[in-house]
Amino acid sequence: MTTVLALETSCDESAAAVVQWRNGKLEVLSQGIASQVEEHAQWGGVVPEIASRRHVEALPRLVESALEDAGVVFADLDAVASTVAPGLVGALMVGSVTARTLSVLHQRPFLAIHHLEAHLASVQLAPEPPRPPYLVLLVSGGHTELIRVDAQGGMERLGRSHDDAAGEAFDKVARLLGLSYPGGPAIQAVAEGGDPTRFALPKGRVKRPEGGFYPYDFSFSGLKTAMLRQVEALRSQTETLPLADLAASFEQVVADVLVDRSLRCCREKGLSTLVMVGGVAANRRLRNLMMQRGQAAGVSVQCAPLAYCTDNAAMVGAAALQRLIRGTPFSSLSLGVSARWPLEQASALQSEPAPF
Ligand code: KG4
Ligand code: ZN
C-alpha cells in the first residue's frame with residue numbers, strides 16, 4: 001500500500017487529495033477543490049495575482065480536510081506531491097512551497113509533478129483504466145496535443161496546436177458571444193438545442209513548408225476569426241444573435257477536427273486505444289462524437305472520468321503514485337517552479353541538481 005498527499009495550484013483551482021495504490025489499483029481516498037472561477041469571471045479570465053492570493057488562503061484548509069476525510073495522518077504518507085510546471089508562476093509557487101514545507105516538517109519525501117503528466121495520469125482513475133500503448137488526446141486551456149504512450153510509459157508527441165489551445169478557443173469565443181468565463185461549460189450549455197450545421201466554419205489545417213498539411217496538427221485561430229466575422233455579419237442584420245446555433249456550430253467543428261485527426265493518427269500509427277484527458281475532454285459533444293466514431297473505426301475510446309478532466313489534485317496524486325511504483329527518485333527540495341517546461345523533460349523534475 002502506497003499513499004500520497006497531492007496538491008494542485010497551477011492555475012485557478014486550489015486542490016488537495018489523498019490517493020492510494022492498493023492491490024494493484026489507484027484509489028482516491030479524499031479530494032477537495034476550491035474553485036476561484038467566479039472571482040476571475042468578472043475579469044473575463046484568470047488574474048494571476050488574485051489566483052496566488054486565493055491559493056494561499058485555501059490550501060491549509062484543503063490539506064487538513066483531505067487528510068481528515070481520508071482518515072490518514074502525515075506519518076501514513078509515502079510522499080507529498082505538488083504540480084511545479086507548467087502554469088502561473090506565483091500560483092505554482094504556493095502549492096510547491098506548501099508541499100515542500102510539509103515535506104520537511106513531517107519528514108516525508110517530496111515529489112514534483114508536471115501538470116501534463118498529471119492530466120495524462122487522470123485516465124488511470126477510471127474504473128477500468130486503459131493499458132498502454134495508446135494515443136492520448138490532451139485538450140485543455142493551455143494545450144492541444146496528441147501523445148503516444150508506449151507500453152513502458154515512454155511518450156512521443158505526434159500532434160499539437162500551432163496557435164490557440166482548444167480550451168483557449170472555447171474561452172475566447174465565449175467572450176465574443178458575451179458568455180461567461182470559463183467558456184467551455186458556458187458554450188456547452190448554450191449550444192444545447194442549437195443547430196450544429198447552421199454555420200459553416202473552417203477546420204484549421206496547418207500547411208507544411210514542403211507542401212501538403214501536417215496530418216495530426218491543429219490551428220484554432222482561423223476558426224476564432226471566422227466566428228468573429230460571422231457575429232459581425234449577423235449583428236449588422238439582427239438585434240439578437242442566434243447564440244444556440246453559433247455555439248453549437250462552433251462546438252461541432254472543434255469536436256469534428258479533434259475526433260478526425262485523433263482517429264486518423266490511431267489508424268496510421270497502428271494504435272487501437274484512444275484516451276482523452278484535460279478540461280475540454282469534459283465536453284459532452286466531443287465525448288459522444290469520439291465514442292461514436294471510435295466505435296465505427298474499431299478504436300476503443302477511454303475518457304478521463306468527468307470529475308478528473310478539469311484541474312484537480314487527484315490526478316497529481318495518480319501521477320505521483322505511478323512514479324513511486326516505478327521506483328523513480330524523489331525530487332530535490334530546492335526545486336523551484338517553471339511557467340514552461342516540456343513534458344518530454346518531466347523526468348528531470350526528480351534529478352539532482354534541480355533543473356530550476
Ligand atoms: O485542464 P483545465 O482545467 O486547465 C488547464 O490545464 O488549462 O482546462 C480548462 C479549459 C478551459 O479552457 C475551459 O473552458 C475548458 O477547459 N473546459 C471545457 C469544458 N469544461 C472546461 N471546454 C469545453 N467543454 C467543457 N464542458
Ligand atoms: Zn490543466
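## A first look around the model

Phe-110 has a relative accessibility of 2%, so this residue counts as buried (buried is under 20% relative accessible area, exposed over 50%, partly exposed in between, with a 1.4 Å probe and protein chains only). This is a predicted model, where local features need pLDDT of at least 70, side-chain atom pairs count only at pLDDT 80 or more, and totals for chains, interfaces and linings use all residues. Residues are numbered from 1 along each chain as its sequence is written, chains are lettered from A and ligands numbered from 1 in the order in which they are written, and side-chain values use heavy atoms, with hydrogens and water left out.

Back to Phe-110: its place is in strand E5 (residues 110-114). Helices (H or I, at least four residues) and strands (E, at least two) are DSSP runs, numbered from the N terminus. Leaving aside neighbours within four places in sequence, the contacts of Phe-110 include Val-80, Ala-99, Phe-330 and Leu-333 (contact means heavy atoms within 4.5 Å).

Five strands make an open sheet with mixed pairing, in the order E8-E7-E6-E9-E10 (two strands pair if DSSP finds at least two bridges between them). E8 (155-160) and E10 (300-303) sit at the edges with a single partner strand each, so one side of each has no neighbour in the sheet. E6 (residues 134-139) and E9 (residues 273-277) run parallel, joined by four bridges, and Leu-137 has Met-276 in E9 as its bridge partner.

Now for a pair of helices. H5 (residues 166-176) and H6 (residues 183-191) have axes that come within 7 Å and cross at roughly 60° (axes are lines fitted to C-alpha atoms, for helices over the stretch in contact, and angles run from 0 to 180 degrees between N-to-C directions). On the H5 side, the contact is made by Phe-170, Asp-171, Val-173 and Ala-174, and on the H6 side by Gly-183, Gly-184 and Ile-187.

The loop between H5 and H6 holds Pro-182, which a cis peptide bond joins to Tyr-181. Most residues other than glycine have a negative phi, and most peptide bonds are trans.

| Residue(s) | Feature | Value |
|---|---|---|
| Tyr-181 and Pro-182 | cis peptide bond | omega about -5° |
| Glu-352 and Pro-353 | cis peptide bond | omega about -5° |
| Asn-23 | positive phi | about 50° |
| Gln-107 | positive phi | about 50° |

Asn-23 is exposed at 75% relative accessibility, and Gln-107 is exposed at 66%.
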